[in-house]
Amino acid sequence: DAEMLVLQAQIKPHFLFNTLESINVLAVQNEGRKVSEMVYRLASILRISIQDKEEITLDEEIRHLQSYLEIQKFRFEDLFEYEIDVPKELMHSRILKLTLQPLVENSIQHGFEGISYTGWIRISAWKELGNVIIRVEDNGLGMTAEQLSMFEYMVSEDNGSEQVTLQNLKVNQERRGLGLRSVADRLRIQYGDYYGLFICSSRPGGTVIQCVIPNYDRGEGQHVEGIIS
């Protein structure tokens, strides 16, 4: 429980500071209407964030994500477009709150950094083998094989201590942000080692992140081995 609380605390300020920075930029530019809309979106997000329950419906998480994406599009107007394709029958599935926002934040803050074309983010979801698979895909810069190998997101600290050095963790946090690692750790703590984030990326080529969680509508879910493609 203590580890979970620490990881949650790492995500919430990270998101809040970035959002307030976006609002501040618009305020300096005297964009009153946009500031008003962003404050409304932020209030909607915080309403979910401060709830005592840690699991929410996928519907609530998607609405949270849309508010975040709209906030970022206010700041980066021509940088990217996004598409969300989640079937209605999955909207009542349960998910840890603040799971998807750090994944799209990774695309915006790192994948689209310095690009000369319009970026896109696609969020899709489906059921498979008793689990819910949520895919976040972008056409950004991608990661090199070296950067990808530094992200030991599915290795426990006990089993992977020799592989994950402090230097690697420092590089990973600086390049990809703390949010991605925190989400992976939270999912592993909550659901077990068979669940979490699975990343495929190349440079160039963009990044695909698949979030695998149990589908509570169909019981406890099954092992995810062999379903990641």
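Leu 98 is buried in this predicted model, with a relative accessibility of 5%. The residue occupies the loop that runs between strand 3 (94-96) and helix 4 (101-111). Most residues other than glycine have a negative phi, and most peptide bonds are trans.

A positive phi, of about 60°, also occurs at Asn 30, again a residue that is not a glycine. Asn 30 sits in the loop between helix 1 (2-28) and helix 2 (32-49). With a relative accessible area of 69%, Asn 30 is exposed, whereas Leu 98 is buried. A further backbone feature is the cis peptide bond from Arg 203 to Pro 204, for which omega is near -5°. Pro 204 belongs to the loop between strand 6 (196-202) and strand 7.

Strand 7 (residues 206-214) contains Gln 210. Gln 210 has a relative accessibility of 1% and therefore counts as buried, the cut-off being under 20%. Its side chain makes a polar contact of 2.5 Å with the side chain of Arg 135.

The structure contains 6 salt bridges. One of them joins Glu 37 to Arg 41, with 3.2 Å between the closest N and O atoms. Both residues are in helix 2, and because they are 4 residues apart, about one helical turn separates them. Glu 37 is partly exposed at a relative accessible area of 27%, and Arg 41 is partly exposed at 22% relative accessibility.

A salt bridge also links the side chains of Arg 63 and Asp 59, at an N to O distance of 3.4 Å. These residues lie 4 apart in helix 3 (residues 58-75), so their separation is about one helical turn. Arg 63 has a relative accessible area of 43% and is partly exposed; Asp 59, with 30%, is partly exposed.

Arg 122 and Glu 83 form a salt bridge in which the closest N and O atoms are 3.7 Å apart. Arg 122 is in strand 4 (residues 119-128) and Glu 83 in strand 2 (residues 80-85), so this pair ties together parts that are 39 residues apart in sequence. Arg 122 is partly exposed at 39% relative accessibility, and Glu 83 is partly exposed with a relative accessible area of 45%.

Methods:
Residues numbered from 1 in each chain as written. Predicted model: local features only at pLDDT ≥ 70, side-chain atom pairs only at ≥ 80, totals over all residues. Heavy atoms only, no water. Helix = DSSP H or I, 4+ residues; strand = E, 2+ residues; numbered from the N terminus. Buried < 20%, exposed > 50% of the residue type's maximum accessible area, 1.4 Å probe, protein only. Polar contact = N/O pair within 3.5 Å; in protein donor to acceptor, adjacent residues only side chain to side chain. Salt bridge = Lys/Arg side-chain N within 4 Å of Asp/Glu carboxyl O.
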